[in-house]
Amino acid sequence: MRRRSFPQRSSSARNDFVAKYPNSDLLVYIYPLYYSAYTQLKNPQKVIEYSDKLVALGDKVEPGIRYQALYARALSCSSLNIKDTDPSAKDNATKCREAALLGLKTLDEIKKARHYFPPKTLRKQKQAPAILFHYTVGNASMTLKTTPPQ
């Protein structure tokens, strides 16, 4: 008998919860479990799907949690390897670009950490995620054959 990995075992409990309570305020905590599990399983499409579901919750999601979802999404977009010949390439590239731009905006909204770090340290910590978001925007813009927004 083949044992299932932790992400696969715990998914049935998450699925049951989401099926029973599709409008629960706790989805803010459930969706990150999904995209984290799918990251471990190396399934970028599912990471994107559940990151998008979390972001769609809007103001219910704190900027820090939204940032984590958008960061995971940007990493998944970079691993999709979208080809220009793919019929859904423009749609995927547009969504990746929009999410990365939202990631940059969300990164600027994270203010809570200012209480823990001096502004210079905080800017340095935000630099690496900003590079990933800019890379995603640029890569998507190349697929769309447009110039990246300033």
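1. The model is predicted: local features need pLDDT of at least 70, side-chain atom pairs count only at pLDDT 80 or more, and totals for chains, interfaces and linings use all residues. Residues are numbered from 1 along each chain as its sequence is written, and side-chain values use heavy atoms, with hydrogens and water left out.

2. **The overall plan.** The protein chain has 6 helices and 0 strands, where helices (H or I, at least four residues) and strands (E, at least two) are DSSP runs numbered from the N terminus. Along the sequence the pattern reads α-α-α-α-α-α. Of the 150 residues, 38% count as buried; buried means under 20% relative accessible area, exposed over 50%, and partly exposed in between, with a 1.4 Å probe and protein chains only. Among contacts (heavy atoms within 4.5 Å) between residues at least 6 apart in sequence, 59% join residues at least 24 apart.

3. **The buried side of α4.** Residues buried in α4 include Ile-65, Tyr-67, Ala-69, Leu-70, Ala-72 and Arg-73. Their cover includes α2 (27–40), α3 (44–55), α5 (89–109) and α6 (119–144). As background, an α-helix has 3.6 residues a turn, so residues three or four places apart point the same way.

4. **α3 against α4.** These two helices pack at an angle of about 150°, with axes 9 Å apart. That makes α3 roughly antiparallel to α4; angles under 35 degrees count as roughly parallel, over 145 as roughly antiparallel, 65 to 115 as roughly perpendicular and the rest as oblique. Axes are lines fitted to C-alpha atoms, for helices over the stretch in contact, and angles run from 0 to 180 degrees between N-to-C directions. The residues of this contact divide into 11 nonpolar, 4 polar and 3 charged. Here Ala, Val, Leu, Ile, Met, Phe, Trp, Tyr, Cys and Pro count as nonpolar, Asp, Glu, Lys and Arg as charged, and the others, Gly among them, as polar.

5. **α2 against α3.** The axes of α2 and α3 come within 8 Å and cross at roughly 165°. That makes α2 roughly antiparallel to α3. Among the residues making the contact are Tyr-31, Tyr-34, Tyr-35 and Tyr-38 of α2, and Val-47, Tyr-50 and Leu-54 of α3. By class, the contact of α2 with α3 has 10 nonpolar, 2 polar and 2 charged residues.

6. **α4 against α6.** The angle between α4 and α6 is about 50°, and their axes are 10 Å apart. The two helices are therefore oblique to each other. Contact residues include Tyr-67, Leu-70 and Tyr-71 of α4, and Leu-132, Phe-133 and Tyr-135 of α6. This contact has 10 nonpolar, 2 polar and no charged residues.

7. **One residue to look up.** Ser-141 sits in helix α6. Is Ser-141 buried or exposed? Ser-141 is buried, with a relative accessible area of 1%. Leaving aside neighbours within four places in sequence, Ser-141 is in contact with Arg-97, Thr-146, Thr-147 and Pro-148.
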